[in-house]
Amino acid sequence: MKFTKLDYCQYLLSSQINYTITNLAEHLENISHDKINYYLRKEKLTPRLLWDNVKNLIVPDEDAYIIFDDTVIDKRFSEQIEIVRRQYSGNEHGIVRGIGIVSCIYVNPKTQKFWVIDYRIFDPENDGLTKIDHVKHMLQGLVYQKLLPFETVLMDTWYAVNNLMLYIDSLNKIYYCPLKTNRLVDDTFGQQKYKNIESLEWSNEDLECGKIIKIKAFPAEKKVNLFRVTISTDRTDYVATNDLSQSSTDVAQKVCKIRWKIEEFHREIKQLTGIESCQCRKARLQRNHIACAMLVWLRLKNLAYQTGQTIYKIKHNLLSNYLIQQLKRPDVHMSLI
């Protein structure tokens, strides 16, 4: 009996808690643990498989948003997995052992629906690529191969570096990204020295409409619009965009809120697909497991869009259906003296 990626994806979709190969083998007839392990070791599932499955589900829009961000698959208790490395985790606000994934999602601004369309495993020891390199490669694929229409790129502070911002600009795309407060900028058009963003003075008009600045090491002709956006009582973001025609802090704030959809994606894929639960040591098995988890999230999300339910409801309904059947026809009958 042949074991395929469809079988493995079905397991990740159907299981509620345990996502190990051992557990899968215990619930299959005529399929051993070794056979599943052999399949995952010999197969090579890549991000192209994700694109092949998502491209016909996307509802494209000329004004669409592309969002990039990374997350860490927690492997703090795993000492032998090949692609695990120490890296910063935003969720933990510190360094953890894990597998870094840089993800790209596509957001339709009219429907607010979104799809994961690409991802990369952060493995600099083997491929020599930084997270910025991965984002550039995904952008190139979007513009020149996938040919998906979009207007704006959203990313967080970690990706707001000069070469990536200028690269997005060279593609004739708009970007919005918060800058670190120690970033050196000039709002005097060369009359004064560069200063930290936090040192800038803001008039009432600036607070409402933003201000044109130059970022240090940007080409002389490249200016950006900077907005001071209040996120909460103890947090203020300084959001830069190359769209100089945009003159509303409120609009900038609304655009930046869209970026949280990728946080929604990261939370859902971790809670519902078992993406963090693979215990295999070999890098290829981990990569294939991650690829299947991406496909499972895509399937659940598409069903959620079709039925109007949440992705959590669809997943948990599987357990609910099991309970209903057991209450009607229990496999183990309760007895009392």
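User: What does the side-chain oxygen of Thr 130 reach at the start of α6?

Analyst: In this predicted model, that oxygen comes to within 3.3 Å of the backbone nitrogen of Ile 132.

User: And what follows α6 at its other end?

Analyst: Leu 147 does, and its phi is positive, near 55°.

User: Which residues of α6 are buried?

Analyst: For α6, residues 131–146, the buried ones are Ile 132, His 134, Val 135, Met 138, Leu 139, Gly 141 and Leu 142.

User: What do they pack against?

Analyst: Strands β1 (65–74), β3 (94–107), β4 (114–122) and β5 (152–154), plus helices α5 (124–127) and α7 (162–170).

User: Switching to α9. What's going on at its start?

Analyst: There a side-chain oxygen of Ser 248 gets to within 3.3 Å of the backbone nitrogen of Asp 250.

User: Which α9 residues are buried, and where do they sit around the axis?

Analyst: Thr 249, Ala 252, Val 255, Cys 256 and Ile 258 are buried. They span an arc of only 165° around the axis, so they lie on the same side of α9. Asp 250, Lys 254 and Lys 257 are exposed on the other side.

User: Why does Cys 256 count as buried?

Analyst: Because its relative accessibility is 14%, and the cut-off for buried is under 20%.

Terms used. Residues are numbered from 1 along each chain as its sequence is written. This is a predicted model: local features need pLDDT of at least 70, side-chain atom pairs count only at pLDDT 80 or more; totals for chains, interfaces and linings use all residues. Side-chain values use heavy atoms; hydrogens and water are left out. Buried means under 20% relative accessible area, exposed over 50%, partly exposed in between (1.4 Å probe, protein chains only). Helices (H or I, at least four residues) and strands (E, at least two) are DSSP runs, numbered from the N terminus. Contact means heavy atoms within 4.5 Å. A polar contact is a pair of N or O atoms within 3.5 Å; within protein, one must be able to donate a hydrogen and the other to accept it, and residues adjacent in sequence count only if both atoms are side-chain atoms. The arc is that of the directions from the helix axis to the C-beta atoms.
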